Amino acid sequence: VSFESKLCGSDDYTFLLRELGNRGEHEKAIKCFQFAVRRERRKNEQGKLASAMISILGRLGKVELAMGIFETALREGYGNTVYAFSALISAYGRSGYYDEAIKVFDSMKNYGLKPNSVTYNAVIDACGKGGVEFKRVVEIFDEMLSGGVQPDRITFNSLLAVCSRGGLWEAAMNLFSEMVNRGIDRDIFTYNTLLDAVCKGGQMDLAFDIMEEMPANVLPNVVTYSTMIDGYAKAGRFNDALNLFNEMKFLGIGLDRVSYNTLLSIYAKLGRFEEALDICREMEGSGIRKDVVTYNALLGGYGKQGKYDEVRRLFDEMKAQRVSPNLLTYSTVIDVYSKGGLYEEAMDVFRAFKRAGLKADVVLYSALIDALCKNGLVESAVSLLDEMTKEGIRPNVVTYNSIIDAFGRSTTSECLSDTGQISELQTKTSSLVIERGIEADAADGEDNRIIKIFGQLAAEKGGQAKKGCGVKQEILCILEVFQKMHELEIKPNVVTFSAILNACSRCDSFEDASMLLEELRLFDNQVYGVAHGLLMGYRENVWIQAQSLFDEVKSMDSSTASAFYNALTDMLWHFGQKRGAQLVVLEGKRRQVWENVWSNSCLDLHLMSSGAARAMVHAWLLNIRSIVFEGHELPKLLSILTGWGKHSKVVGDGALKRAVEALLTGMGAPFQLAKCNLGRFISNGPVVAAWLRESGTLKLLVLHDDRTHLENTRFQEIPNLQTIPL
């Protein structure tokens, strides 16, 4: 009041409002606004004040207060401006209320207002933050252009942000090209958002090219490098990620919290914990404390390595440092303990999760369902899936993949132990686990069920086995699950495909596997059509389609891609399509799915499945045979590596080793186990060369398919019913 005479109208008051907003003092800002509006007589100046106040409250997340100011302004006759509407749209968008933002945008026409570039930018930004489909955002953009409103850099940056959230890299590249064609300047936000979209789309080589071109327009910053490092990490290209990190250090670009956490996560996933801890120390030395993301990365890394004592220590340290575990923390630790068979510990963590007042989400449910499936308790998993959907939690592709894989596993084998017997002590322990859980949680139905599940898992750990039901029934179950995914519009991925192929490999008969793939072609003729065609012997007709499928798989991370090739090859080998299996595995080698698989002296099979490895042995021996017949000498020592069999009960007695040993013995190949390495077969070059020159060797090495239909065109005549891209 004392300064009122010195204030020059609405501009000075607007400055005061913004300064109070910057300090977070929204109550004082509202009082100042009310004071200014009462003293201002001109409607257009009152409208400016209202727009500024709505915008400030929107930035502070006080969207209901912003709506109150807007409604008062409308009622009193000074809120009917494009700027007031635009400010409210922006306020809703910032808080994630995209439906309300679009409603306000649509209501402008009722007030005779024409949206301007600020309005369109606000509504496009709101759509991006709210996860609106790109198609709807494009409709708004087209309306903008048809209304004669010219887009600017903010418009395109907002559109790129929509692409970024969905990994729509092709749309993002088109938008970027449109910016260039229109002569609109690109800033660092433009490039970083484009890179984020391209990285999320798995196009890391393209992302690298974009980053290389950046210095001509704008210098990459810490966000640029963090985005690229995270993209490489998610694609499983850890060496490329670490190279970029070293480049950052060389250029003197200081790491931020995101960069440190991403880097730490990479080292943890690689099992390089000393380097991960060095990053922790460096991070804290630069004044950035470990946060929940840091701990989650370490917990996940130690968990995958089976270092349960470290997981326990870190979880305790986290609470001692007063870093509150979030939903992902609890989900990670429960998943780690469940997969490690530490069900009582998992139960204790679940109780802590309940005490924290958090509600289970899709990640936690999926972890529990996966633990049940891995232990053969498929009925319990399906029951928990039903409960999950009743709670209003939508399953995702990970949830369904676990169940499909479990149904496939149970087609021909017992789900747990070989004996089905359980000792008296184990029975008592399991009963105590169940009773302790039920007593502690009797009041809560849903949580009580999860406690019972942990008790059931503890009992199963003791040795109770469940027999799988009939193969036909299992196939029907898989089809039913796939149908449900289709109804919920949950897009299957490569892991789904691999799980189904694994199920085919476990089928008792060729007819059962063929029937499963034939039915699945109704959902996706491209993916399952290729698998069915190769299985039926229509390789000549489907190989072009197969190449397209392999191109899609190329964008996946290395572990997912190798799982795909392993599963497809296993199925073909299992049903006698051995030539087809070999062509698939050689395609995987050509596309570098398995790095450094072979040289003239060594064949490394340790990342391959049984079928893929056997097909590769034949191909490698044929290759070195050609070297011999070209008149060249073989290296003095030849090796075939199968690994130690880390999942087998006896070290050096893995399933892959046994399969390769049987294959070599069956062919009479002169290889024997190395004394110092139980997962390595060795032989002298001259001895192998002599065997390869024998007249009957070639016949042993050349693979054939049990079924071939080179002249049959029936496969080509089947219509493309529906294609759901991976």
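Reply: Let us begin with pairing: two strands count as paired if DSSP finds at least two bridges between them. In this predicted model, strand β2 (residues 637-641) and strand β4 (residues 680-684) meet that condition, pairing in the antiparallel sense over 5 bridges. Within this pair, Ser639 stands opposite Ile682 in β4, and Leu641 stands opposite Arg680 in β4.

Me: In what order do the strands of the sheet lie, and which are the edge strands?

Reply: The 4 strands form an open sheet in the order β1-β2-β4-β3, with mixed pairing. The edge strands are β1 (602-604) and β3 (672-673), each of which pairs on one side only.

Me: How many bridges join β1 to β2, and how does the chain cross from one to the other?

Reply: Strands β1 and β2 run parallel and are joined by 3 bridges, with Leu603 standing opposite Ile640 in β2. The chain passes from β1 through helix α33 (residues 610-629) to β2, a β-α-β crossover that is right-handed.

Me: Which strands does helix α34 lie across?

Reply: Helix α34 (residues 655-667) lies across β2, β3 and β4, and runs at about 30 degrees to β4.

Me: What does the secondary structure of the chain come to, and what share of the residues is buried?

Reply: The chain has 37 helices and 4 strands, and 50% of its 726 residues count as buried, where buried means under 20% relative accessible area. Of contacts between residues at least 6 apart in sequence, 66% join residues at least 24 apart.

Key:
Residues are numbered from 1 along each chain as its sequence is written. This is a predicted model: local features need pLDDT of at least 70, side-chain atom pairs count only at pLDDT 80 or more; totals for chains, interfaces and linings use all residues. Side-chain values use heavy atoms; hydrogens and water are left out. Helices (H or I, at least four residues) and strands (E, at least two) are DSSP runs, numbered from the N terminus. Contact means heavy atoms within 4.5 Å. Axes are lines fitted to C-alpha atoms, for helices over the stretch in contact, and angles run from 0 to 180 degrees between N-to-C directions. Buried means under 20% relative accessible area, exposed over 50%, partly exposed in between (1.4 Å probe, protein chains only). A crossover is right-handed if, with the strands pointing away from the viewer, the path from the first strand over the helix to the second runs clockwise.
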